Amino acid sequence: MPEPSYPDLDRPQLSQAALRAELVRPGSLWSSLTVVERTGSTNADLGQAVRDGVREGAVLAAESQYAGRGRLGRVWIAPPRSGLTFSVLLRPEVRTSLQGWLPLLFGLAAATAIRQVAEVDVRLKWPNDLLHDERKLAGILAERIDSAVVIGMGLNVSLRDSELPVPHATSLALAGATCLDRDRLLAGVLRELERLYRDWCLAGGDADASGLRAAYLAASATVGQEVRVELPGERLLAGRATGISESGQLIVTSGGADHPLSAGDVVHVRR
């Protein structure tokens with residue numbers, strides 16, 4: 001007879017019913033919310049949903065992923081129920097050239113919610129990382145599929161030292177968070193994301209008119225820092241991050257010239 005399986009009481013399951021009751025309401029951005037026990041990738045699953053015509057505002061969360069992906073094809077894996085792993089489907093009626101702001105907007109929403117719910121200081125590393133004390137707390141991956149954008153996040157919530165995927169990572173538990181309730185964290189991120197996204201869309205994607213650029217810069221760990229950027233084609237750019245362009249690009253000043261970057265692996269250079 002097989003041994004009974006007991007859940008980790010420190011890592012309770014997400015409550016799909018409670019989250020739906022709180023977030024999926026008439027007039028809300030969030031049109032559906034599904035929690036699955038295990039999947040390959042929430043981004044890949046919602047990518048298929050885009051092709052099937054699913055409405056904007058679909059949310060998919062997974063208690064564990066076995067094929068989670070980060071930027072540049074990196075693998076993202078964590079113990080079941082130790083983090084928040086979820087994706088959202090957006091169909092912004094904003095011109096494509098301005099949609100580079102979407103992962104930045106998502107990161108700002110997450111950072112704001114984490115500060116409010118967990119009382120942990122979070123800073124934003126362009127374009128897709130959330131940091132605490134320069135250690136990675138979460139990563140974001142945005143993917144365009146037809147006219148839609150799927151954005152996913154993996155947030156380390158209760159990971160212990162021995163469970164961290166890389167030495168420069170951390171978790172809310174290790175950062176001394178006052179709340180590790182994943183339902184509250186997910187609801188907080190989605191509420192803040194809806195607020196910022198609606199404001200940005202109403203402003204036609206204008207990051208200044210919506211207040212997005214000012215709020216992002218206030219939370220940025222990258223702008224104002226000396227950086228080294230690994231660019232596609234094995235190129236390297238060293239300089240000072242001086243701002244974010246109107247389309248969400250990182251501006252790096254090097255050799256007396258400004259270089260707007262749409263992609264690149266950024267390293268903060270400590271002096």
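This report covers the domains, nonpolar cores and cysteines of a predicted model.

## Basis

Residues are numbered from 1 along each chain as its sequence is written, and side-chain values use heavy atoms, without hydrogens and water. Local features need pLDDT of at least 70 and side-chain atom pairs count only at pLDDT 80 or more, while totals for chains, interfaces and linings use all residues.

## Domains and their interface

The assignment, taken from an automatic or database source, gives domain 1 (16-216) and domain 2 (223-268). Their centres, taken over C-alpha atoms, are 24 Å apart. The contact (heavy atoms within 4.5 Å) takes 15 residues from domain 1 and 14 residues from domain 2.

About 1,200 Å² is buried between the two domains, with 52% from carbon and sulfur atoms; this is the accessible area (1.4 Å probe) lost on putting the two parts together, summed over both. Of the area that domain 1 buries against domain 2, Lys125, Trp126 and Arg213 supply 49%.

## Nonpolar cores

A nonpolar core is a set of buried Ala, Val, Leu, Ile, Met, Phe, Trp, Tyr and Cys residues joined through side-chain atoms within 4.5 Å; buried means under 20% relative accessible area, exposed over 50%, and partly exposed in between (1.4 Å probe, protein chains only). The largest core has 67 residues, and Phe86, Val88, Leu130, Leu155, Leu172 and Leu190 touch the most other members. Domain 1 and domain 2 both give residues to this core, so it lies between them.

A second, separate core of 9 residues includes Leu46, Val50, Leu60 and Leu89.

## Cysteines

Cysteine 179 is buried at 8% relative accessibility, whereas cysteine 201 is partly exposed at 24%. The model has 0 disulfides, counted as pairs of cysteine sulfur atoms within 2.5 Å.
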